Amino acid sequence: MNASPRPPAACIIATRESRLALWQAQHIQQRLQAQGLQATLLGMTTRGDQILDRSLSKVGGKGLFVKELEAALADGRAHLAVHSLKDVPMELPAGFALACVPERGNPYDAFVSNHYARLEDLPEGAVVGTSSLRRQVLLQHLRPDLRIEPLRGNLDTRLRKLDEGQFSAIVLAAAGLERLQLAGRIRMQFTPEQMLPAAGQGALGIEVLATQPHTSQAQPLAQQLQAALQALSHLPTWLATAAERAVSRALGGSCSVPLAAHAVWADAPDTLWLRAAWGDPQGQRPLVQVQASAAITTLAQAQALGEQVAQLLRQAGAQV
Ligand SMILES: NCc1[nH]cc(CCC(=O)O)c1CC(=O)O
């Protein structure tokens with residue numbers, strides 16, 4: 001038995017430095033501190049934050065936002081990284097793992113405009129900003145007349161571009177706006193029937209090294225951290241987002257695929273209801289929408305449901 005007094009445990013959280021990323025990291029920091037674990041933030045700029053002029057799907061996708069944070073985990077500068085789960089690649093590189101998925105926030109998309117209350121109110125041919133292929137194909141399905149133009153940058157930049165008059169409306173994740181106390185900008189929240197969310201939207205993913213280093217100094221902290229992260233874990237969210245992410249993974253896992261996947265728990269016990277949609281960016285083919293449900297209590301079952309829905313999408317004509 002180790003009789004020496006425990007060193008004061010402090011863990012280091014790697015985070016991007018956008019306002020949203022910092023909010024999310026501070027949220028996890030506070031929840032860890034509520035469990036008696038000291039936690040500090042290590043802010044980092046990622047390649048994804050630096051590339052603002054091109055569509056992400058063209059320059060390397062989701063991995064751009066997480067690689068630098070993973071490097072900090074790998075060389076011991078940080079113990080955990082907090083991500084928007086939506087931005088976490090479907091396959092983590094060898095040596096990294098999701099430690100937990102906390103309870104999800106608002107998973108839906110928001111219509112933001114200074115002049116129009118609803119999507120239906122936009123005049124014919126209005127310019128709407130989004131760089132997400134999913135939002136683009138779903139908007140085009142709802143309103144084929146709209147002109148969809150690229151919109152990149154962090155939330156404040158996107159809202160500024162709207163306010164400068166570059167767009168009649170933009171579409172953003174409601175979760176991000178709510179976290180930054182910008183919910184007042186939401187004119188209308190899309191229903192999942194109108195705009196099915198992206199896999200993992202509204203949830204956070206906490207990434208760690210798959211095997212924590214086992215030096216005698218690190219071990220008490222690693223154990224404390226593991227216990228604290230387990231307490232943050234929300235199994236219903238983890239299972240739902242695992243099913244959503246499995247759809248994406250089965251179809252190649254890239255954000256250059258215009259894919260929506262969203263799971264909700266049904267009234268029946270342990271029943272997860274998963275819907276997915278695929279659209280053709282060229283607008284040549286009809287929107288493909290499928291759904292399936294199953295009794296789910298394990299991650300493996302959630303992933304199997306996701307794979308089944310990916311199969312259904314392909315059978316229904318998704319070109320992936
Ligand atoms: N791709 C950027 C991104 N990643 C996570 C969020 C918002 C929070 C979330 O969806 O969990 C956003 C902004 C947006 O899509 O409007």
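Helices (H or I, at least four residues) and strands (E, at least two) are DSSP runs, numbered from the N terminus. With that in hand, welcome to this structure. It is a predicted model, in which local features need pLDDT of at least 70, side-chain atom pairs count only at pLDDT 80 or more, and totals for chains, interfaces and linings use all residues. Residues are numbered from 1 along each chain as its sequence is written. The protein chain contains 10 helices and 13 strands.

**The chain as a whole**

- Of the 320 residues in the protein chain, 42% are buried; a residue is buried if 20 or more other C-beta atoms lie within 10 Å of its own, exposed if 12 or fewer, and partly exposed in between, with C-beta atoms placed from the backbone.
- Among contacts with a separation of 6 or more in the protein chain, 72% come from residues 24 or more positions apart; two residues are in contact if their C-beta atoms, placed from the backbone, lie within 7 Å.

**Domains and how two of them meet**

- Nine residues from domain 1 and 11 residues from domain 2 take part in the contact.
- On the side of domain 1 that touches domain 2, helix H1 (19-33) and helix H3 (56-59) are the elements that give two or more residues.
- H1 gives the most to that side of domain 1, with four residues.
- By class, the residues on that side of domain 1 are four nonpolar, four polar and one charged; here Ala, Val, Leu, Ile, Met, Phe, Trp, Tyr, Cys and Pro count as nonpolar, Asp, Glu, Lys and Arg as charged, and the others, Gly among them, as polar.

**Strand S5 and its partners**

- Strand S5 (residues 109-112) points Asp109 and Phe111 one way and Ala110 and Val112 the other way, and all are buried.
- S5 and S8 run antiparallel and are joined by four bridges; two strands pair if DSSP finds at least two bridges between them.
- In S9, Met188 stands opposite Phe111.

- Ser168 sits in the loop between helix H6 (155-163) and S8.
- Because 20 other C-beta atoms lie within 10 Å, Ser168 is buried.
- Leu122 is 46 residues from Ser168 in sequence, while the two are 7.5 Å apart in space, C-alpha to C-alpha.
- Not counting residues up to four places away in sequence, Ser168 touches Ser113, His115, Tyr116, Leu122, Ala126, Val127 and Val128.
- Helix H5 (residues 133-142) is largely enclosed by the rest of the structure, because eight of its 10 residues are buried.
- The buried residues of H5 include Leu133, Arg134 and Arg135.

**Records from UniProt**

- An unreviewed UniProt entry annotates Cys255 as "modified residue: S-(dipyrrolylmethanemethyl)cysteine"; UniProt positions are given in the numbering used here, feature names are shortened, and annotations may be inferred rather than shown by experiment.
- Cys255 lies in the loop between helix H9 (235-250) and strand S11 (259-265).
- Cys255 counts as buried because it has 24 C-beta neighbours inside 10 Å.
- The unreviewed entry also gives "domain: Porphobilinogen deaminase C-terminal" for residues 239-314.
- Residues 239-314 are 37% helix and 30% strand, and the end C-alpha atoms of the span lie 23 Å apart.

**Two residues with positive phi**

- Gln181, a residue other than glycine, has a positive phi near 55°.
- Gln181 is in the loop between H7 and S9, and Gln181 is exposed, with 9 other C-beta atoms within 10 Å.
- Asp270 has a positive phi near 60° and is also a residue other than glycine.
- Asp270 is in the loop between S11 and strand S12 (271-278), and Asp270 counts as partly exposed, with 13 C-beta neighbours inside 10 Å.
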